[in-house]
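Please examine the structure shown below.

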Amino acid sequence: MASNFHFLLMVLFPIFFFASESRTGPNSLLVPVYKDNQTSLHVINIQKRTPLKTIPFLVDLNGKFLSVNCDQDYLSSTYNPPFCHSTLCARTGPHFCHKCSSSAPKPGCHNNTCAVITTNPLTKRNVAAEIAQDVLAIQSTNLQGSNPGQLVIVRRFLFACTPSFFLQGPLPKNVQGIAGFGHNPVSLPIQLASHFGFPPKFAFCLPSINNQNGVIFFGNTSYRIHPGIDFSVNMKFTPLSVGSQGEYFILVKSIRISDREIPLNASLISRTRSFGGTMISTINPYTVLEHSIYQTFSQFFTNEMTRMGASQVDTISPFGVCFRNVQELPKVGIGAPLIDFVMQNRNVSWRIYGPNSLIQARPGIWCFAFVDGGSRPRASIVLGAHQLENTIVEFDLARSRLGFSAPLHLSRVSCGQFNFTSSPP
């Protein structure tokens with residue numbers, strides 16, 4: 001009960017806070033998302049500042065803030081850092097008063113403002129960042145979720161203004177910030193929901209191909225990635241939980257391969273060090289499994305692949321199992337045994353087909369797209385980006401539920417087919 005009350009406070013407080021601002025606006029928004037070729041991570045372009053400038057952000061599903069590099073030519077006439085101990089600072093959660101040694105104030109460096117500790121999700125490095133407000137622009141969409149609409153403006157969007165060394169590490173090229181989608185009052189989706197007055201809900205359709213744009217939706221909309229097909233109609237749902245740092249978890253009760261349940265330690269699969277369940281992540285390119293789960297899972301999968309005519313070959317890092325002679329099935333794509341992650345309600349399962357269970361590491365060589373996370377990971381299962389690609393994955397924070405469609409390739413559609421070129425009437 002206490003955790004539910006805390007959840008409501010975190011979601012509703014931003015809505016109350018912005019009650020004085022204009023409530024006229026769209027019921028849904030969208031932003032293109034693309035896959036980086038070198039890192040296999042996903043990036044969105046967001047327009048910020050005055051005048052508006054397009055800035056690429058790494059998508060971090062569990063991140064708390066929209067973090068922006070302020071060291072590199074941050075020029076904006078509407079940049080405004082709130083005073084320390086102000087109500088705005090309180091919205092960010094734990095914070096402290098910021099001091100700066102620079103002789104001339106600049107973005108990210110003012111005295112008597114508030115600062116937070118931000119964490120690079122890849123390197124785990126922590127830095128102090130000044131909290132600031134500035135303009136953010138994003139495209140609206142229609143209720144059908146089929147086309148982009150007019151650009152809409154949030155004039156006082158709160159974000160973390162970081163030093164440039166915060167973005168060191170294996171990041172996609174040219175990225176200038178990290179877009180946090182986590183359960184936090186100042187994350188990207190919750191601020192957008194509070195500003196425009198729609199429910200805190202967002203959905204990913206992550207592309208699997210580097211030169212195509214997928215789409216991320218915010219608010220109330222259908223998901224018409226392809227004309228005539230509404231992928232919101234037949235979605236499955238499972239309860240969504242929130243971890244101590246705003247991370248998203250679901251409960252996977254068992255795993256099946258080719259309709260056979262694999263023997264796993266039930267207590268291990270349903271718990272983590274700090275919370276219960278399977279964590280979902282866009283920072284992990286591939287699903288990460290605790291060592292004993294990975295061993296059993298990969299062995300069962302390998303046995304089935306061998307039975308289907310594939311043969312094992314030398315591994316290619318970071319994968320532990322690779323194959324050649326993998327079949328190509330005309331309707332489903334890559335031939336592989338079906339994997340089912342059985343949810344809290346045993347009648348609901350997330351089915352993973354070949355395109356999401358295998359990845360082509362080299363010409364003619366396909367690898368099992370799950371990796372060994374060792375014996376003491378944060379979560380026994382971390383569902384990674386490759387397993388989310390070409391699927392509509394909806395995070396409905398108001399209803400505390402996760403929705404997911406069947407893989408789009410079953411309808412001969414991909415997330416890269418969303419039409420960004422035309423606008424609704």
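**A buried asparagine and an open sheet**

Asparagine 62 is buried, since its relative accessible area is 14% (buried means under 20%, exposed over 50%, partly exposed in between, with a 1.4 Å probe and protein chains only). The model is predicted: local features need pLDDT of at least 70, side-chain atom pairs count only at pLDDT 80 or more, and totals for chains, interfaces and linings use all residues. Residues are numbered from 1 along each chain as its sequence is written, and side-chain values use heavy atoms, leaving out hydrogens and water.

Asparagine 62 lies in the loop between β3 (53-60) and β4 (66-69); strands are DSSP runs of E with at least two residues, helices runs of H or I with at least four, numbered from the N terminus. Leaving aside residues up to four places away in sequence, asparagine 62 touches Gly182, Gln245, Gly246, Glu247, Tyr248, Met279, Ile280 and Ser281, where contact means heavy atoms within 4.5 Å.

Elsewhere, four strands make up an open sheet in the order β19-β20-β26-β25, with antiparallel pairing; two strands pair if DSSP finds at least two bridges between them. At the edges stand β19 (311-313) and β25 (358-362), each of which pairs on one side only. β25 is joined to the antiparallel strand β26 (residues 365-368) by four bridges. Glutamine 360 is placed opposite tryptophan 366 in β26.

Helix α5 (residues 291-307) packs on this sheet and touches β19, β20 (322-324), β25 and β26.

Definitions and conventions
Axes are lines fitted to C-alpha atoms, for helices over the stretch in contact, and angles run from 0 to 180 degrees between N-to-C directions.
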